[in-house]
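Here is a short note for a colleague who is new to this structure. The points are numbered and can be read in order.

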Amino acid sequence: MQKQYKTKKMHKNETLVAYICLIPSIIGLIFLTYVPLAAVLGLSLTKWEGVGIPEWVGFANYIKLFTTDPYFVDSIKVTIYFSFVAVIGSMIYSLAIALLLNRKIPARGFFRAVFYLPYVLPAMAVYIGWSWLYEANFGLFNYILSLLGIHKLKFIASSELVVPSLALIAVWLSGNLIVIFLAGLQNVPKVYHEAAEIDGANGWQRFRHVTLPCMTPIIFYNLLMALITNMQVVTPALALTQGGPGNSSRFISYVMYQYAFKSGKFSYACAIAFVSFLLIGVFTVILFATSKNWIFYEGGEE
Amino acid sequence: MMRREKSFASKKRNEKVANIVSLVLVIILALIVMLPIWWIFRSSLMTNAELFQWPPKFLPPNWLFSNYKDALVYFPFWDYFRNTMTIIIPAVIGGTITATLGGYAFARLRFPGKKFLFSLCVGSMLLPTMVTLIPLYIMWTRGFHMADTYWPLILPYFCGGGAFNIFLIRQFINTIPRELDEAATIDGAGKFRILFSIILPSIKSAMIVVALLLFIQIWNDLLQQMIYINTSENFTIAIGLSQFKGSLKSDWSAIMCATCMSFIPGIVFYLIGQKYFVEGIALTGMKN
């Protein structure tokens, strides 16, 4: 009887400790995450420009966004274009580097630090530094092109090249993916490789049928995180291009930023925020839905 | 027998060749990755006249470290640095502590509503931060009248430090054998006692990782700094740099000095925590 009482008390105590530990997180989840999310939806159905009481307008903001807004539809295209180039580029780059670093080469730690370094540099400084590299007449890249006998390009000052140029910076910054891939590669069971080798598989076959399947959960994780990050891209536009030239780097987040904080159209900008939330949500759901077909889970876990 | 030995030897040789090829590739790629940083640094040590010469020189003709002194006249780096640190230090401390507490609760404690709270937490990881930007801005500036202060940039970090970091700490705590907790419980230690005497000493490296990740995140958060900070005395490095660039359109040598100065704190913090960093990031990619 007494023992039962004691364990009950202990459980109660454990619950109390847990809630004390979680108070900050619960406050954050409620007031900084889910309530604001609901507020975005609510506000987006009104007309409110920073003063007075929001006036209910139903879906008018959304209709305006998709019919008469001069920037919005293009910004979706530009953002998706950028995300695809940046995500695919950084996935291939970081997986390739991780595969190379996973081999028996000297000074691995040093090289890992080198490839990781761009990630710890402040974004603002990175974009400004790269804008000098992309400079049309005396920049590093045009110098390299001239050595290869190619005509000078305008990179971020050209509406065709601005998105790929910015995506290249994103690839350069993706050192964190390398480290995660590398950790995944080190967890691929050695016995699988040995078994495949005994069966006479060559290097490519081992990569294709052993390494790659074992890496799929990590590829999925990196893909998802890279997609969410890149779909929200805003810093290059803020720091460098101001959406230009023309509208060719006017990303969704930048359009939202301008409407909200430059023109004070808060409720209208909320509609943009909510559409981008749905858009990222759709991509996330698609990724999760297809993941069952290509993610390989080792022998019936869970 | 002979053939088998021969094929074994040739396999060994193949492996060796492959490793050498990999090393060469890694060196080339590392040089390519470092090239932009070198180019920015080398440009900061040259005069504008030297920068606008064709063909560009790979090495600065004279290493003009005095450029930095000149740039500092117009680019008050130390003021910006102090302002940035005024945000970062409390935010990083708050974020690390609250993420650790949250991670501990999810990793070790049983309580009603755990599954629900945890899925809310993971769900918020998938929620883009830009979506909630406007309501939060209204809350901080209209509700709490904190426009042009650092509070909107600091206080959120005292509220959990981000789902990702909670998750990271949880992953780390899961690698500590539960037997240690159980032994301590038998000795009469409470849950807080276990946290302080068993868990915390073993997750120091994870906490350093969280601190570094928060550092980078805040350092890079140009958008929020731009919307909350208005007066130039309060500027952070990121905003200051963007203003500096805007006012000096083509004085590239001075701009590159300012850029290099902004690189330094990140590099220093990274070098200090590098060992833990790689370890910790690696864990985030693991299956739960």
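At roughly what angle do the axes of helix α5 of chain A and helix α13 of chain B cross, and within what distance do they come? Point 2 takes this up, after the conventions.

1. Conventions. This is a predicted model, in which local features need pLDDT of at least 70 and side-chain atom pairs count only at pLDDT 80 or more, while totals for chains, interfaces and linings use all residues. Residues are numbered from 1 along each chain as its sequence is written, and chains are lettered from A and ligands numbered from 1 in the order in which they are written.

2. A helix pair across the two chains. The axes of α5(A) (residues 123-133) and α13(B) (residues 237-247) come within 8 Å and cross at roughly 25 degrees. Helices here are DSSP runs of H or I with at least four residues, strands are runs of E with at least two, and both are numbered from the N terminus. Axes are lines fitted to C-alpha atoms, for helices over the stretch in contact, with angles from 0 to 180 degrees between N-to-C directions. α5(A) and α13(B) are therefore roughly parallel to each other; the label covers angles under 35 degrees, with over 145 counted as roughly antiparallel, 65 to 115 as roughly perpendicular and the rest as oblique. On the α5(A) side, A:Met124, A:Ala125 and A:Ile128 meet B:Ala238, B:Leu241, B:Ser242 and B:Lys245 of α13(B). Contact means that the C-beta atoms of two residues, placed from the backbone, lie within 7 Å. By class, this contact has five nonpolar residues, one polar and one charged. Nonpolar covers Ala, Val, Leu, Ile, Met, Phe, Trp, Tyr, Cys and Pro, charged covers Asp, Glu, Lys and Arg, and the others, Gly among them, are polar.

3. The interface as a whole. Chain A puts 75 residues into the contact between the chains and chain B puts in 79. On the chain B side, helix α14 (residues 252-284) gives the most, with 14 residues. That side of chain B consists of 57 nonpolar, 18 polar and four charged residues.

4. A helix pair within chain A. The axes of α2(A) (residues 60-67) and α13(A) (residues 266-294) come within 9 Å and cross at roughly 75 degrees. From α2(A) the contact takes A:Asn61, A:Tyr62 and A:Leu65, and from α13(A) it takes A:Ser267, A:Tyr268, A:Ala271, A:Ile272 and A:Val275. Six of these residues are nonpolar, two are polar and none is charged.

5. The nonpolar core. The largest nonpolar core has 166 residues, and those touching the most other members are A:Met256, A:Ala269, A:Ile272, A:Ala273 and B:Val210. Such a core is a set of buried Ala, Val, Leu, Ile, Met, Phe, Trp, Tyr and Cys residues joined through C-beta atoms within 7 Å. A residue is buried if 20 or more other C-beta atoms lie within 10 Å of its own, exposed if 12 or fewer, and partly exposed in between, with C-beta atoms placed from the backbone. Helix α11 (residues 204-220) of chain B gives the largest share of this core, twelve residues. Leaving out residues up to four places away in sequence, A:Ile272 touches A:Leu65, A:Phe72, A:Ile252, A:Val255, A:Met256 and A:Tyr259.

6. Domains. An automatic or database domain assignment sets the bounds. In chain B it gives domain 1 (2-66) and domain 2 (68-284), with C-alpha centres 33 Å apart. Each of these two domains of chain B gives ten residues to their contact. In chain A the assignment gives domain 1 (2-44) and domain 2 (61-294), whose C-alpha centres lie 35 Å apart. Here four residues of domain 1 of chain A are in contact with seven of domain 2 of chain A.

7. Two residues to check. Most residues other than glycine have a negative phi. A:Gln242, in the loop between α11 (235-241) and α12 (252-262) of chain A, has a positive phi of about 50 degrees. A:Gln242 is exposed, with 12 other C-beta atoms within 10 Å. B:Asp148 has a positive phi near 60 degrees and lies in the loop between α6 (133-143) and α7 (151-154) of chain B. B:Asp148 is partly exposed, with 13 other C-beta atoms within 10 Å.
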